[in-house]
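Subject: The structure, and what turned up in it

Hello,

Here is the structure I promised to pass along. Have it open while you read, and my notes follow just below.

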Amino acid sequence: IHKAYKIIHYFELNPKAVHLPQVVSSLFTFFSNVLKIHFLKFSAREAIAKELRVHPFVAGELSKAKSKFSPKKLAFNMEVLQDYDLKSKGYGNTTSSQADLMKELIFKLLNP
């Protein structure tokens, strides 16, 4: 949590460094790949890499993440990401800054 908020603080000080839709997109890809791994019939890193079309190292990291996130938590996180993607584009949000939205997003993703 501390590292996440340090990163957010950096982005708050450097608003042009990254935009929230880019962060949401990357996180959505990560969570959707981890969710896919939950339902694969095989667990070999090379087979996962081939199925997800990623480097075997990335497949290994995604496999590690599988043990940290249940399918239910992954689905919840993906729903939160969808909500914040819309907010970052102005839908349902007229006053919050990108940094504030990022703080809220990380808080929701990291809490059960």
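Helices α2 and α4 are roughly perpendicular to each other, a label that covers angles of 65 to 115 degrees (under 35 degrees counts as roughly parallel, over 145 as roughly antiparallel, and the rest as oblique). Helix α2 spans residues 20-38 and helix α4 residues 56-66; they pack at an angle of about 75°, with their axes 9 Å apart. The axes are lines fitted to C-alpha atoms, for helices over the stretch in contact, and the angles run from 0 to 180 degrees between N-to-C directions. Helices here are DSSP runs of H or I with at least four residues, strands are E runs of at least two, and both are numbered from the N terminus.

Before going further, please keep in mind that this is a predicted model: local features need pLDDT of at least 70, side-chain atom pairs count only at pLDDT 80 or more, and totals for chains, interfaces and linings use all residues. Residues are numbered from 1 along each chain as its sequence is written, and side-chain values use heavy atoms, with hydrogens and water left out.

Back to the helix pair. On the α2 side, Phe30, Asn33, Val34, Ile37 and His38 meet Ala59, Leu62, Ser63, Ala65 and Lys66 of α4, where contact means heavy atoms within 4.5 Å. Sorted by class, this contact has six nonpolar, three polar and one charged residues. In that sorting, Ala, Val, Leu, Ile, Met, Phe, Trp, Tyr, Cys and Pro are nonpolar, Asp, Glu, Lys and Arg are charged, and the others, Gly among them, are polar. Within α4, Ala59, Gly60, Leu62 and Ala65 are buried, and their cover includes α2 and α3. Buried means under 20% relative accessible area, exposed means over 50%, and partly exposed lies in between (1.4 Å probe, protein chains only).

The overall fold

The protein has six helices and zero strands. Its C-alpha atoms fill a box of roughly 45 × 25 × 25 Å, taken along the principal axes. Of its 112 residues, 30% count as buried. Among contacts between residues at least 6 apart in sequence, 68% join residues at least 24 apart.

The core

Which residues have the most contacts inside the largest nonpolar core? They are Leu20, Phe31, Leu81, Met102, Leu105 and Leu109, in a core of 25 residues. Such a core is a set of buried Ala, Val, Leu, Ile, Met, Phe, Trp, Tyr and Cys residues joined through side-chain atoms within 4.5 Å. Helices α2, α3 (45-52), α4, α5 and α6 each supply at least two of its residues, and α2 gives the most, with six. In soluble globular proteins, nonpolar side chains tend to be buried together.

Leu105 is worth a click: setting aside residues up to four places away in sequence, Leu105 touches Leu20, Val24, Leu27, Val80, Leu81 and Tyr84. Another one to find is Asn77, in helix α5. Asn77 has 0% relative accessibility and so counts as buried. Beyond its neighbours within four places in sequence, Asn77 is in contact with Phe31, Phe69 and Leu109.

Salt bridges

How many salt bridges are there? The count comes to four, taking a salt bridge as a side-chain nitrogen of Lys or Arg within 4 Å of a carboxyl oxygen of Asp or Glu.

- Lys103 and Glu12 meet at 3.2 Å, N to O. Lys103 lies in helix α6 (residues 98-110) and Glu12 in helix α1 (residues 2-13), so the pair ties together parts that are 91 residues apart in sequence. Lys103, at 29% relative accessibility, is partly exposed, and so is Glu12, at 34%.
- Asp83 pairs with Lys87, their closest N and O atoms being 3.7 Å apart. Both lie in helix α5 (residues 71-88), four residues apart, about one turn of the helix. Asp83 is partly exposed at 33% relative accessibility, whereas Lys87 is buried at 18%.
- Asp85 and Lys89 meet at 3.1 Å, N to O. Lys89 is exposed, at 57% relative accessibility.

One backbone detail

Arg53 has a phi near 60°, a positive value in a residue other than glycine. Arg53 sits in the loop between α3 and α4 and counts as exposed, at 78% relative accessibility.

Best wishes
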